Amino acid sequence: MNCPVCDNEMKTVSIKNIEIDYCDTCQGLWCDKDELERLAMLGRASLESSPIAKSLIKDMQDIRTQKKSVLLCPSCEAGLEKLNYSYESDIILETCKICNGIWVDDGELSEIIDYMYSSK
Ligand SMILES: [Zn+2]
Ligand SMILES: [Zn+2]
């Protein structure tokens, strides 16, 4: 699958049996809702020593803002729609209504971890 932001081939990474697609260039992630929650529950420390550690640090916004605001699903090419994570977190992700995949921009995983741990 190609990255919806920069069109580069994403690589599949497996972190404690959670399989996601990761773009090395813009450091975004493609996964489903269930995988995203399991990933965030691993906690910051385990993710910092994983292949997607760089996705925790928000330093690639430039790549994202240079691209068009509407992304297409890397799997079925439908337009992605904005999704407020957990309906009230104000972390805005993008989702495909057809295959239920979720696009997580660089740094957003970190915000989700903070949100999860602060709401418990
Ligand atoms: Zn990318
Ligand atoms: Zn799709």
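## Close-up views of a predicted model

View 1. Leu29, Cys31 and Val104 touch the most other members of the largest nonpolar core, which has 23 residues. The elements giving two or more residues to this core are β2 (18-22), β3 (29-32), α1 (33-41), β6 (101-104) and α4 (108-118). A nonpolar core here is a set of buried Ala, Val, Leu, Ile, Met, Phe, Trp, Tyr and Cys residues joined through C-beta atoms within 7 Å. A residue is buried if 20 or more other C-beta atoms lie within 10 Å of its own, exposed if 12 or fewer, and partly exposed in between, with C-beta atoms placed from the backbone. Helices (H or I, at least four residues) and strands (E, at least two) are DSSP runs, numbered from the N terminus.

This is a predicted model, where local features need pLDDT of at least 70, side-chain atom pairs count only at pLDDT 80 or more, and totals for chains, interfaces and linings use all residues. Residues are numbered from 1 along each chain as its sequence is written, while chains are lettered from A and ligands numbered from 1 in the order in which they are written.

**View 2. The surroundings of leucine 29.** Two residues are in contact if their C-beta atoms, placed from the backbone, lie within 7 Å. Setting aside neighbours within four places in sequence, leucine 29 is in contact with Ile20, Tyr22, Ile52, Ser55, Val104 and Leu109.

**View 3. The buried face of α1.** Look for Leu36, Leu39 and Ala40, which are buried in α1. Seen down the axis of α1, the buried residues fall within an arc of 95° (taken from the directions from the helix axis to the C-beta atoms), so they line one face of the helix. An α-helix has 3.6 residues a turn, so residues three or four places apart point the same way. The buried residues of α1 pack against β1 (11-15), β2, β3, β6 and α4. Just after α1 comes glycine 43, with a positive phi of about 90°.

**View 4. Asparagine 17 in its loop.** Find asparagine 17 in the loop between β1 and β2. Its phi is near 70°, a positive value in a residue other than glycine. Asparagine 17 is exposed, with 6 other C-beta atoms within 10 Å.

**View 5. Glutamate 77 in its loop.** Glutamate 77 sits in the loop between α3 (61-66) and β4 (81-84). Although glutamate 77 is not a glycine, it has a positive phi of about 70°. Glutamate 77 counts as exposed, with 10 C-beta neighbours inside 10 Å.
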